[in-house]
Amino acid sequence: MKIIVTGGMGFVGFELCKKLHSLGYTVHSIDNMSTNDRDFYDSRMVNDWYSTTSCITQVSKDFFQGADIIFHCAAKARVQDSLKDPNDYLYNNIVGTHRVCLEAMKNDSKFFFISSSSVQSDVELSPYSQSKKISEKIMLFNGFKNNIIRLYNVYGEQMPRRINTTLVGNILNAIDNDRHIELYGDGSKLRDFTHIEDVVDNLVKLIDKDYHNVIELGMGKPEKIIDVIKASGVKYEKKKAKKFESSESRAMTHNHNKFDIKFKHNVIDFLKNYSNGRKK
């Protein structure tokens with residue numbers, strides 16, 4: 001079985017490729033490595049599935065030929081960054097998804113679109129969120145029957161720490177370098193977090209399942225931002241709340257049992273263990 005993973009050098013895409021390869025699948029990946037974090041990419045260059053460096057809109061059509069399954073993970077990410085360059089985000093994410101969608105139709109590939117929790121919490125607030133929502137519509141308009149997977153604040157030890165990172169990435173960087181982080185607002189906002197191992201394990205489960213639902217890969221048990229920071233033990237400096245931040249992030253879990261979606265990790269324990277491990 002041939003599986004293509006777009007964005008295969010990114011955090012989620014790389015770990016998904018690694019898991020699929022370990023299970024014996026033939027894996028091919030594409031990534032334009034656009035975040036300019038060379039240390040992050042250099043650690044991933046030696047593998048058995050990396051195929052090409054290219055933008056999705058420019059890759060040869062032959063790349064997708066014969067693909068049984070496509071996991072479309074590639075996208076320019078982060079809400080705040082998209083506010084600085086909205087046109088680039090809209091073009092890359094929407095046109096890229098449309099291109100992959102057409103190739104999946106042409107090759108009769110099973111197509112999974114990796115979307116974002118932001119389409120639930122702040123779709124009207126940022127170009128990134130809008131690009132994901134429109135991409136979901138592209139899926140539906142082309143008959144892919146909701147093969148849409150929304151991810152919720154994915155974290156893990158191998159996540160980006162310096163460029164294009166998230167709250168947990170900033171916390172890990174602060175722990176490693178004995179620094180403080182900046183807390184925007186009072187920290188009372190809720191976020192649902194998902195460990196990368198849980199994301200990958202659950203994505204692999206979906207390969208052999210037929211379904212017609214949006215699946216939200218989050219625990220449905222959000223934590224306050226301030227509690228996440230305190231669990232890590234890092235110091236923080238309060239700042240004025242940023243504009244365009246969602247008030248809550250909570251996954252809908254009503255169809256998890258149907259697809260055997262399960263979670264083994266939680267972010268509080270992860271950060272406590274990580275911090276304690278660095279102190280030894």
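Student: Where is Val 267 found?

Tutor: Val 267 is found in helix 10, which spans residues 267–279; helices (H or I, at least four residues) and strands (E, at least two) are DSSP runs, numbered from the N terminus. This is a predicted model, in which local features need pLDDT of at least 70, side-chain atom pairs count only at pLDDT 80 or more, and totals for chains, interfaces and linings use all residues. Residues are numbered from 1 along each chain as its sequence is written, and side-chain values use heavy atoms, with hydrogens and water left out.

Student: Is Val 267 buried or exposed?

Tutor: Val 267 has a relative accessible area of 4%, so Val 267 is buried (under 20% relative accessible area, with exposed over 50% and partly exposed in between, for a 1.4 Å probe and protein chains only).

Student: And what is Val 267 in contact with?

Tutor: Leaving aside neighbours within four places in sequence, the contacts (heavy atoms within 4.5 Å) of Val 267 include Tyr 155 and Phe 193.

Student: Switching to rings, how many aromatic pairs are there?

Tutor: The structure holds four aromatic pairs, where rings of Phe, Tyr and Trp (its six-membered ring) pair if their centres lie within 6.5 Å, and planes under 30 degrees apart count as stacked, over 60 as edge-to-face and the rest as tilted. One of them joins Tyr 155 and Phe 270, with centres 5.0 Å apart and planes at 55°, so this pair is tilted.

Student: What does that pair tie together?

Tutor: Tyr 155 lies in strand 7 (residues 154–155) and Phe 270 in helix 10, so the pair ties together parts 115 residues apart in sequence.
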